[in-house]
Amino acid sequence: MKQRKTPLAFLAAWLSLIPGKSVAVPADYSATSTPIDGLDPVQMRPLNRPSDNMFAAHRSHSSHASHASGSGGSYRAPATPQPTSPQRAPDSSSSLYGSGTSQPTDPGRASAVSPQPVQTAPKLSVGEKRKLQIMRVQIALTSLGLYQGIVNGTLNDGTKESLMMFQNLKGIEPNGLMSTETMNALGVPAVQ
Amino acid sequence: MRTTSADIKGFAYRTVMRVTELSAVAGEWAPDLNLMVRVASTADMEVLAQLAKAGVTNLVLLTTEPGLFEKSDIPSVLALAEPLHEGDVAEVTPSRTGVHVLFRESDVHHTVFLTNQCNSRCLMCSQPPTRQDDSWLADEAIRVAMHMRVSPRTVGFTGGEPLILGKRLRDVLDAFAQYHPTTQMDLLTNGRLLADSTLAHDLLHDMQHPIAWLVPLYGHADFLHDFVVQAPGAFDQTIEGLLTLHSYGQPIQLRIVLIEPVLRILPELCDFICRNLPFISEVALMGCEPIGFALANRDNCEVDIHEWNKELQASVQRLVRGGLRPLLMNLPLCSIQPELWRFANQSISDWKRIFIAECDSCVVKKNCSGLFAWHDKGWRPTNIKAIRGNVA
């Protein structure tokens with residue numbers, strides 16, 4: 001589950017960056033941040049979060065809602081008061097490399113020890129992504145011996161049946177769809 | 001490049017694959033990737049066979065069991081000696097036994113070899129060029145970029161002379177930029193072909209991903225440089241190439257290999273660089289690798305760096321004064337004056353670096369570049385002598 005800041009909390013965090021106004025925030029802030037030296041328990045992140053799975057079961061439209069309403073905008077707290085320009089810098093610079101000429105030669109960045117997994121690569125259309133995801137599900141089901149059909153990327157009756165068999169085995173609602181829960185149980189990362 | 005001995009069957013010419021586990025196939029699979037799947041039991045092998053029957057044709061069986069290898073109907077690899085690691089990008093080709101590991105995640109230095117052709121014949125070339133058409137190397141490099149599961153911090157592109165690939169080089173660089181946007185790319189080139197403005201434009205226009213260009217320069221006059229690289233006209237072309245790179249905003253490191261004809265004019269060369277090429281970001285002064293043509297041109301290439309310390313110090317000083325950053329590479333600390341130690345780098349890749357017995361008692365060994373593993377077939381940069389006592 002993504003920890004989403006409410007617009008209000010976001011605003012508070014924002015304000016705390018502005019030296020002059022920081023006084024207004026602490027009361028609210030201290031009320032929420034109780035842990036002193038203890039660390040909050042950390043839940044293991046599931047393989048796929050609901051919002052990762054573009055092709056979740058039709059019923060769970062909750063995940064789609066997030067794209068539909070353009071939450072990208074609301075995330076950035078449109079109601080924020082316009083701060084002076086220097087304050088913006090940390091926010092705007094967090095997006096990837098700037099222009100092509102800037103050189104990320106900073107030695108402080110992730111050393112060779114923990115290279116980041118890459119899932120970038122060529123841009124696939126939604127249709128291609130869906131097909132790839134179905135093919136991966138078919139491969140997983142074949143590996144489990146639940147699917148004997150062709151791996152072709154179409155969610156045909158055979159695949160749905162196999163999915164239902166798998167869902168039954170795992171105690172998931174057998175609807176024959178690539179729900180996020182099913183994908184996680186199969187161990188297949190959603191195609192993004 | 002590593003080669004692991006193995007038996008293979010069922011492969012097309014030069015197949016590039018990624019090593020993986022059966023449990024990871026569903027997550028990693030993509031239509032344009034070849035996955036070499038580790039299999040230890042008959043049951044696992046049957047899963048692969050079933051997948052092949054279902055139309056998944058880009059899976060390869062990897063096993064250490066001769067029995068499984070015999071029975072397998074799909075393309076298969078029987079690993080005989082050193083195990084392959086998960087995430088390895090490997091290549092096989094039908095007529096040869098063995099598996100070439102082209103990329104391994106645990107390595108520190110990653111090199112992409114783009115061609116063995118070259119338009120220069122440097123006196124000290126460590127990798128003597130050949131004339132055969134090896135353009136397949138570019139295609140292979142792109143396939144390696146696709147198959148790499150992680151993005152390393154740095155990838156170095158080398159040859160031969162990579163610019164001989166022409167526009168195809170841009171495809172290779174773009175492929176790495178596309179699949180590995182966080183990776184820093186270094187390209188080793190003599191820059192000569194960039195004197196061709198059409199090629200320069202094709203290669204450099206609208207370059208989004210930063211690349212560090214590593215370019216050698218061996219003289220401040222044409223006859224000096226042309227002699228060292230054994231190619232008439234090379235000096236003018238390289239200078240033009242450097243200016244072209246600068247005009248496209250590309251960062252450049254000059255690389256100067258310290259052989260005798262170069263050491264003789266090194267301070268003047270450094271002056272020349274400071275005055276005329278002030279946009280250079282670094283100047284690397286590098287000990288000669290005693291292999292390849294260097295062995296054949298021993299008269300010119302074998303030097304005792306210790307005897308040239310006056311020139312070396314003067315050169316470093318001029319670079320510093322000129323605002324350029326000197327780097328000393330492939331030079332053991334005992335071969336240079338302590339005042340120069342702060343410029344020294346541990347530049348020899350881990351797999352080709354060694355120390356000798358004398359180094360065991362040296363107090364600065366942990367900061368030292370060490371020696372090229374094959375120095376005993378040639379020479380050492382100086383009489384290696386352990387540094388003792390209390391030095392910082």
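These legends walk you through several close-up views of a predicted model.

**View 1. Chain A at a glance.**
Welcome to chain A, which has eight helices and one strand. Starting at the N terminus, the elements come in the order α-α-α-α-α-β-α-α-α. Of the 192 residues in this chain, buried ones make up 17%. Among contacts in chain A between residues at least 6 apart in sequence, 49% link residues at least 24 apart.

**View 2. The two domains of chain B and where they touch.**
Now turn to chain B, whose domain assignment gives domain 1 (2–103) and domain 2 (111–348). Taken over C-alpha atoms, the centres of these two domains of chain B are separated by 37 Å. In the contact, 11 residues of domain 1 of chain B meet nine residues of domain 2 of chain B. On the domain 1 side, the elements of chain B giving two or more residues are strand 3 (15–21), strand 7 (89–92) and strand 8 (99–103). Strand 3 of chain B provides the largest share of that side, with three residues. By class, the domain 1 side divides into six nonpolar, one polar and four charged residues.

In soluble globular proteins, nonpolar side chains tend to be buried together. Here the largest nonpolar core has 125 residues, and those with the most contacts inside it are B:Val37, B:Leu62, B:Val77, B:Ile256 and B:Leu258. Helix 4 (residues 136–147) of chain B supplies the largest share of this core, seven residues. Take B:Val37 as a place to look: leaving aside neighbours within four places in sequence, B:Val37 is in contact with B:Thr20, B:Leu22, B:Val25, B:Leu48, B:Leu59, B:Val60, B:Leu61 and B:Leu62.

**View 3. Helix 4 and helix 5 of chain B.**
The axes of helix 4 of chain B and helix 5 (residues 167–179) of chain B come within 9 Å and cross at roughly 5°. These two helices of chain B are therefore roughly parallel to each other. From helix 4 of chain B, the contact uses B:Ala138, B:Ala141, B:Ile142, B:Ala145 and B:Met146, while helix 5 of chain B brings B:Arg168, B:Asp171, B:Val172, B:Ala175, B:Phe176 and B:Tyr179. Sorted by class, this contact has nine nonpolar, no polar and two charged residues.

**View 4. A cis peptide bond at B:Gly160.**
Look along the backbone from B:Gly159 to B:Gly160, where the peptide bond is cis, with omega near 10°. B:Gly160 sits in the loop between strand 11 (154–158) and helix 5 of chain B.

**View 5. B:Asp206, a residue with positive phi.**
B:Asp206 is not a glycine, yet its phi is positive, near 55°. You will find B:Asp206 in the loop between helix 6 (197–204) and strand 13 (211–216) of chain B. B:Asp206 counts as exposed because it has 7 C-beta neighbours inside 10 Å.

The axes of helix 7 (residues 222–229) of chain B and helix 8 (residues 234–247) of chain B come within 7 Å and cross at roughly 100°. That makes helix 7 of chain B roughly perpendicular to helix 8 of chain B. B:Asp222, B:His225, B:Asp226 and B:Val229 of helix 7 meet B:Ala234, B:Phe235, B:Asp236 and B:Thr238 of helix 8. The residues of this contact divide into three nonpolar, two polar and three charged. In the loop between helix 7 and helix 8 of chain B lies B:Gln230. B:Gln230 has a positive phi of about 55° although it is not a glycine, and with 14 C-beta neighbours inside 10 Å it counts as partly exposed.

**View 6. Helix 9 and helix 12 of chain B.**
The axes of helix 9 (residues 260–276) of chain B and helix 12 (residues 309–321) of chain B come within 9 Å and cross at roughly 0°. The two helices of chain B are therefore roughly parallel to each other. Among the residues making this contact are B:Leu263, B:Leu266 and B:Cys270 of helix 9, along with B:Glu311, B:Ala314 and B:Leu319 of helix 12.

**View 7. B:Ala344, a buried loop residue.**
B:Ala344 belongs to the loop between strand 16 (325–329) and strand 17 (353–354) of chain B. With 22 C-beta neighbours inside 10 Å, B:Ala344 counts as buried. Not counting residues up to four places away in sequence, B:Ala344 touches B:Leu328, B:Leu331, B:Leu333, B:Ile336 and B:Ser369.

How values were computed:
Residues numbered from 1 in each chain as written. Chains lettered and ligands numbered in written order. Predicted model: local features only at pLDDT ≥ 70, side-chain atom pairs only at ≥ 80, totals over all residues. Core = buried A, V, L, I, M, F, W, Y, C linked by C-beta atoms within 7 Å. Buried ≥ 20, exposed ≤ 12 C-beta atoms within 10 Å, placed from the backbone. Helix = DSSP H or I, 4+ residues; strand = E, 2+ residues; numbered from the N terminus. Contact = placed C-beta atoms within 7 Å. Axes fitted to C-alpha atoms, helices over the stretch in contact; angles between N-to-C directions. Parallel < 35°, antiparallel > 145°, perpendicular 65-115°, else oblique. Nonpolar A, V, L, I, M, F, W, Y, C, P; charged D, E, K, R; others polar. Domains from an automatic or database assignment.
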